Structures are given as structure tokens and as C-alpha cells.
Amino acid sequence: MEQLDQIVPLLAATIRVAVPLILAGIAGLFSERSGVVDVGLEGKMLAGAFAAAAVASITGSVWLGLLAAIGVAGVLGILHGFVCITQRGDQVVSGVAVNILISGLTMTLGLAWFEQGGQTPPLPASARFGVVVLPFSETIGQIPGIGRFYTEVLGGQNILVYPTFALVPLAWWVLGSTRFGLRIRAVGESPAAVDTAGISVVRLRYAAVLIAGALCGVAGAYISTAQGAGFVRDMTGGRGFLALAALVLGKWRPWPTLFGCLLFAALDAVAIRLQGVVLPGIGAVPVEFVQTIPYIMTIILLAGFVGRAIPPKASGLPYVKDR
Amino acid sequence: MSGTALRLPWWADYILLPLLNLLLALLAAGLVVVATGENPLDAVVTMVNGAFGSGEGIGYTLYYATDMIYTGLAVAVAFHCGLFNIGAEGQAYIAGLGVALVCLYLDFLPFWLVLPLAIAGAALFGAGYAAIPGWLQAKRGSHIVITTIMTNFIAYAAMEYILVNVLIKPGQMSPETRYFAPNAVLPKMDAMFAAIGVDIAATPLNLAFVVALLCIALVWVLIWHTRWGYSLRVVGASPRAAVYAGIAPAGRVIQAMLLSGALAGGVALNEVMGAQGKLLINFPSGYGFTGIAVALMGRNHPLGVLIAAILFGALYQGGAELTFDMPAISPYLVVALQGLVILFTGGLATMLRPALVRALRIGAGAR
């Protein structure tokens with residue numbers, strides 16, 4: 001029973017932390033499989049977080065907030081597309097620009113519009129995504145062991161958690177079995193071949209960056225209106241880069257990316273609980289070290305020391321028709 | 001690409017186009033000011049006055065510019081070798097450790113010995129930390145953008161651990177070291193001028209600014225006037241051509257990152273040994289990323305970096321002044337402007353080019 005007291009909150013926390021990582025990870029997956037590198041996941045998430053919190057606090061509707069987040073982040077996705085696809089600009093530069101621009105813009109507008117030190121007003125429970133109580137929770141909750149798992153891990157989460165986990169098989173099916181998905185992958189490996197087949201490289205890539213933007217918007221809305229209760233400066237806190245790391249760890253494939261997100265989320269959940277804990281033989285665990293494990297793992301994987309991670313062939317390269 | 005293939009006179013490519021792009025970024029920032037409910041023109045006047053209107057303003061402008069010269073040069077040198085170093089922030093942070101170790105533990109030495117040792121500490125720690133992504137790019141082919149993003153986060157965590165658990169001054173809560181001894185702190189510019197009898201306003205501007213100017217000259221000579229610098233640029237322009245010319249790209253990649261990291265270390269000199277006189281948490285405060293905007297705007301040329309750094313220094317200082325006069329505007333506006341500058345002078349660098357080609361051709365035809 002005591003072990004259960006440890007494990008159930010840990011699993012529940014892992015799921016809560018993993019959700020924005022999964023959303024951003026799948027966002028990056030679509031963009032990068034189409035050949036558009038996206039280091040701007042962080043900025044798009046932050047914009048989504050701000051838009052969701054701002055609209056939810058003004059209208060009182062969390063759903064309008066979500067919609068605004070998708071809209072704003074989607075527009076940023078299109079902007080990234082305009083730079084990378086239409087203007088053939090540097091994709092990394094564009095992503096960095098979005099990150100810095102949004103970090104400054106959210107604070108500038110937040111301070112001017114809400115006059116609360118850059119934060120949006122704290123959201124009441126009615127303007128946040130509440131906890132979903134699964135059916136029969138009362139009866140199943142009585143069962144020892146499984147009961148707590150049912151009410152606190154499977155249930156007891158907010159409404160955005162479920163579609164997020166459904167997104168992974170959906171992405172897997174879309175990219176693996178649909179015409180659209182296969183074309184997205186083809187355009188990321190060999191755009192010239194796709195072009196020769198008479199399919200528009202530009203339209204496919206725009207579709208991909210739009211999907212990436214929208215998903216980042218959902219991730220942002222989750223952070224500010226489900227996990228949190230309002231916008232705080234730079235509240236995405238590097239999750240966009242962590243998602244990028246999970247994408248590398250998952251070698252640009254949906255299921256392994258999910259695994260990467262869950263792993264990093266579990267590390268985070270464990271790290272918080274390890275704060276100040278003294279392990280026998282090791283001493284106090286440096287939490288900072290646990291936090292760096294995802295980044296170190298990513299570097300090791302990219303370097304190919306353990307199972308090499310190879311990005312899509314055409315990623316980062318603008319497509320030029322007449323060459 | 002028909003647009004970019006057309007020739008433009010050099011001044012159009014190197015001066016007019018970047019200026020037009022900067023103008024677009026400023027216009028977009030003006031729209032942001034409008035969104036905050038203030039008058040953008042008033043904001044410009046206040047900012048220019050705040051940055052250049054007083055001795056104090058100029059001092060602060062140059063103090064901020066110092067950090068940006070270092071990171072701008074760091075990003076530019078890597079760019080010349082075809083590398084995008086997003087890790088200047090982390091490299092500067094780690095360099096702070098090098099500076100602090102010298103200033104904390106070797107402060108029994110006289111200043112004229114501490115100074116070169118601290119410079120060496122900054123350069124070595126910055127270069128050493130940049131060597132990791134450099135080596136991985138050169139030898140293992142890992143993309144430098146991803147690895148430098150990751151090394152930034154590792155640097156944040158490592159420095160937090162070191163500051164909180166090791167170097168913290170005993171008996172205080174905030175994670176920072178003790179103040180360095182007076183002989184282990186860079187002299188402020190006002191004190192140096194006072195020594196020769198000239199009175200200027202007291203600001204954090206310090207000797208690191210002079211070192212930064214020397215670095216500009218050094219980079220200019222290295223990149224454009226040595227065989228090594230030439231080979232670096234060949235690798236950046238075309239690694240395959242470099243191989244045919246007998247240049248080993250891997251070596252140049254690592255060397256470029258070493259130099260880049262060492263330059264980023266200058267931020268530690270200016271902040272830790274100069275302005276603060278102690279090592280404190282998160283002292284690079286985003287200058288590593290500002291360096292990207294500075295390098296892009298300066299077209300990766302040392303002189304361009306100097307001009308862009310002073311411009312951004314003025315924006316930082318002017319932005320700080322702005323907050324006093326227009327409470328609706330925050331210093332974060334300058335951060336947003338940085339993003340816009342990176343967007344327009346970097347990502348969209350050639351957007352206006354076809355139009356410019358057309359305009360100039362029409363102009364030439366009319367003549």
C-alpha cells in the first residue's frame with residue numbers, strides 16, 4: 001500500500017507533465033517530416049499560452065481561449081512557413097526569431113493590457129480546464145490498487161489529456177497510411193521527386209507548419225489554462241526544446257517520440273520528488289543533474305554513440321524548383 | 001531563384017538592404033507600441049534621448065553594447081565557418097565560472113596578473129564548453145543547432161548546482177559568490193578617467209569594453225587577413241571545395257567553435273569581473289541570443305557587429321528609460337524588437353531584394 005502511495009501520484013504527475021511535450025513533439029514531427037526544421041516550438045507554445053490565458057480571462061470561456069491559442073500559434077506557423085518555404089530563408093534563424101519575439105511580445109502586451117506585472121489575471125476555476133471524473137469512479141475507486149489507478153491516473157485528469165494521447169496513434173496512422181501523410185514524409189526526404197509527380201511541395205509544407213502551429217497552440221493553452229491558472233513570464237520554460245529533444249530521441253517517429261516525452265516527464269516528476277532526498281550510498285541527489293538527463297541523452301543519441309538518430313534527408317533545405 | 005541571382009551594386013547589398021530590413025523591423029515594433037496604446041514616435045524620441053542624451057546614458061549604452069560585441073563576434077565567427085552557434089549563452093555562463101575561480105582563489109596576486117589570468121579563464125572555459133558541440137559536429141555529424149540548444153540547458157543546470165552548493169557565499173540565501181577583492185575587479189571607466197583627471201558619469205562601463213574593441217580588431221585580422229581565416233571561410237562557403245583545396249573541414253569547425261566560445265566568454269569578463277564584481281545566477285541574461293541578432297544585422301563583419309552592438313545597447317538603455325516615461329511600455333519591447341530584427345535581417349534577408357533590383361533597374365533606365 002505504501003508503494004502505491006508513491007507510484008500513483010508519480011504516474012499521475014508524469015501524465016500531466018507529458019501532455020504539452022507530446023503535443024509539441026507531434027507538432028515538431030509533422031513540421032520536420034515535411035522538411036521544415038522547427039526550433040520555434042517553444043515560442044509558438046508561449047504565444048498559445050498567452051493567447052489562451054488572455055482570452056479566457058476576458059471572456060471567461062476556456063474554449064474560446066483554446067481557440068485563440070490555436071489561432072495565434074497557427075498564424076506563427078504560417079509566418080515560419082512564409083520565411084522558410086516562400087522566402088527560402090534560414091529555418092533555424094526563423095525559429096529563433098519566433099522564440100525571442102514571442103518572449104518579448106507576450107510580456108510587452110501582458111504588461112500593457114493587464115497591468116499585473118506581465119501576468120494575466122488569475123483565472124477562476126470556471127475559466128480553466130477542470131478535472132474529468134470518469135464514470136463509475138465511486139464504485140471502481142473502492143477496489144484496492146486498481147481503484148486509485150482508475151480515479152487518479154486514468155481519471156482525475158483534465159479534458160485535454162485524452163485527445164493528446166489519442167493524437168499519437170492518429171499521427172502514426174496519418175503519417176504511415178494516408179496519402180497526405182505519405183506525401184508529407186516524401187516531401188521531407190525528396191521534394192524534387194514529389195514535385196516531379198505533380199504535387200505541390202509548397203502546399204504540403206504549409207499544411208505541415210500549420211498543423212505544427214495549431215498543436216503548439218493547444219500545448220500552450222494546456223500550460224496556461226489547464227496546468228496553470230493564467231499566464232506567467234516565459235511559462236513554457238524550455239518545454240519546446242524538451243519536445244525537440246524527445247523528437248530526436250524518437251528518431252522522428254510518433255510512438256518512440258511518445259516514449260521520449262513520457263520518459264522526460266517521468267524524470268521531471270521523479271526529480272521534483274527527489275528534492276532533498278538522501279539515497280543510501282549516494283547521498284543527496286543533485287536535482288539539477290536529473291534535470292539535465294534529457295539533454296545529455298539527446299546529445300549522446302545525436303552523436304550516434306548509441307543508436308544513431310538521423311533526421312529527414314531534406315530537413316532544413318528550402319526547395320528550389322529550377323535546379 | 002531569379003531574384004537573388006541578379007547583381008546589385010555592393011552598397012545596395014551591404015548597406016541599403018540591411019537598413020531597409022532594419023526599418024521593417026522597427027516599423028513592426030512601432031505597431032507593437034501602438035498596440036500598447038502609446039505613440040511610437042514619442043517612444044523613439046524618449047529612447048534616443050535615454051541612450052545618447054546624457055553621459056550616463058552613453059555609458060550604459062556602451063556597457064550593454066560590450067556584452068553584445070562579445071556575443072555578436074562569437075556568433076559571427078561561427079557563421080563564417082557555416083556554423084550556427086545558438087550556445088553563446090551557455091558558453092558565456094560557463095566562462096563566468098572560469099573568471100570567478102580566478103578572481104576568488106588567485107586574488108592574492110596583483111591586478112596586472114589577475115587580469116590576464118581572468119581573461120584566460122573566461123576564454124578557456126568558454127572555448128572548452130563550445131568545443132563539445134564543435135567536436136560532435138566535426139567528428140560525429142551531430143547538428144550543431146540541436147547540440148548547442150542542449151548544452152545551454154546543461155550549462156544552466158550545472159551553474160545553478162555549482163552556485164547553490166559550492167561557490168555560494170556562506171550564510172546567505174541568494175545563489176551568488178562573495179564580492180571579489182578590489183584587485184580582482186575590472187576598473188570602471190569613470191574611475192579610469194578620473195585617474196587622468198577627466199570627469200565622466202559613473203556607470204557600469206568598465207575595462208571589458210576596451211578588451212571588446214581589441215577583440216573586434218583581432219577577429220577582423222584573423223578572419224580576413226590570415227590564411228587560417230581564409231580557410232575558415234572556405235569551409236563555411238563550401239566544405240567540399242575546402243576538401244579539394246586541401247583544407248580539413250573538421251579541424252576548422254572545431255577551431256571556429258573554440259574561438260566562438262572564447263569570444264562569448266567576454267560576457268563573463270564584462271558582467272562578473274566588471275559590472276557585478278561577483279558571480280551570480282543567470283548573469284548572461286539572454287545576451288547570447290542577442291548576439292544572433294547583432295551578428296545578422298552586422299552581416300557577420302566585425303565593424304558591422306560593433307555598429308549593431310551599439311545600436312542594440314542603445315535600445316536596451318533607451319528601453320529602460322522608456323519605462324519611466326511611458327509606463328505602458330516595458331523593457332521587454334526591446335526583446336520583441338530583437339526577435340523582429342532576427343526575423344527581418346536574418347530569415348527574411350532577401351525578401352526585398354527582387355523589388356530592390358527592379359527599383360534600381362528602373363532608376364538606371366530613367367538615367
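1. Two residues are in contact here if their C-beta atoms, placed from the backbone, lie within 7 Å. With that cut-off, the contact between the chains of this predicted model takes 41 residues from chain B and 36 residues from chain A. On the side of chain B that touches chain A, the elements giving two or more residues are helix H2 (10-35), helix H6 (111-140), helix H7 (144-167), helix H14 (287-297) and helix H16 (332-347) of chain B. By residue class, that side of chain B divides into 28 nonpolar, 11 polar and two charged.

2. On confidence, the model scores ipTM 0.89 and pTM 0.89. Chain B averages a pLDDT of 90, and 98% of its residues score at least 70. Among the elements of chain B, the highest mean pLDDT, 96, belongs to helix H12 (residues 249-264) of chain B, and the lowest, 46, to helix H1 (residues 2-5) of chain B. Where pLDDT is low, the predicted coordinates should not be read in detail.

3. Chain A has 13 helices and two strands. Its radius of gyration is 20 Å, close to the 20 Å that the globule rule gives for 323 residues, so chain A is as compact as a globular protein of that length. The C-alpha trace of chain A spans about 65 × 50 × 40 Å along its principal axes. Of the 323 residues in chain A, 53% are buried. Among contacts in chain A between residues at least 6 apart in sequence, 76% join residues at least 24 apart.

4. Chain B has 17 helices and zero strands. For its 367 residues, a compact globule would have a radius of gyration near 21 Å, and the 21 Å of chain B agrees. Along the principal axes, the C-alpha trace of chain B spans about 75 × 55 × 40 Å. Buried residues make up 55% of the 367 in chain B. Of the contacts in chain B with a separation of 6 or more, 75% are between residues 24 or more positions apart.

5. The largest nonpolar core holds 237 residues, and the members that touch the most others are Val218(A) and Val99(B). Helix H10 (residues 201-227) of chain A supplies the largest share of this core, 16 residues. Leaving out residues up to four places away in sequence, Val99(B) touches Ala118(B), Gly121(B), Ala122(B), Ala268(B), Leu269(B), Val272(B) and Met273(B). As background, nonpolar side chains tend to be buried together in soluble globular proteins.

6. Helix H4 (residues 91-114) of chain A has 24 residues. From its first C-alpha to its last, H4(A) reaches 33 Å, close to the 34 Å expected at 1.5 Å a residue. H4(A) is mostly covered, with 22 of its 24 residues buried.

7. The loop between H4 and helix H5 (137-140) of chain A deserves a look. Glu115(A) is found in this loop, just after H4(A). Its phi is near 50°, a positive value in a residue other than glycine. Most residues other than glycine have a negative phi. Glu115(A) counts as exposed because it has 12 C-beta neighbours inside 10 Å.

8. Gly118(A) lies in the loop between H4 and H5 of chain A as well. Is Gly118(A) buried or exposed? Gly118(A) is buried, because 20 other C-beta atoms lie within 10 Å, and the cut-off for a buried residue is 20 or more. Not counting residues up to four places away in sequence, Gly118(A) touches Met107(A), Gly110(A), Leu111(A) and Arg233(A). Gly118(A) and Met107(A) are 11 residues apart along the chain, and their C-alpha atoms are separated by 5.1 Å.

9. In chain B, Asn282(B) has a positive phi of about 55° although it is not a glycine. Asn282(B) sits in the loop between helix H13 (266-276) and H14 of chain B. With 14 C-beta neighbours inside 10 Å, Asn282(B) counts as partly exposed.

10. Leu24(B) lies in helix H2 of chain B, one of the elements on the side that touches chain A. With 18 C-beta neighbours inside 10 Å, Leu24(B) counts as partly exposed. Leu24(B) and Ala336(B) are 312 residues apart in sequence, and 13 Å apart in space from C-alpha to C-alpha.

Note on methods
Residues numbered from 1 in each chain as written. Chains lettered and ligands numbered in written order. Predicted model: local features only at pLDDT ≥ 70, side-chain atom pairs only at ≥ 80, totals over all residues. Helix = DSSP H or I, 4+ residues; strand = E, 2+ residues; numbered from the N terminus. Nonpolar A, V, L, I, M, F, W, Y, C, P; charged D, E, K, R; others polar. Core = buried A, V, L, I, M, F, W, Y, C linked by C-beta atoms within 7 Å. Expected span 1.5 Å × (residues − 1). Rg over C-alpha atoms; globule rule 2.2 N^0.38 Å. pLDDT = per-residue confidence, 0-100.
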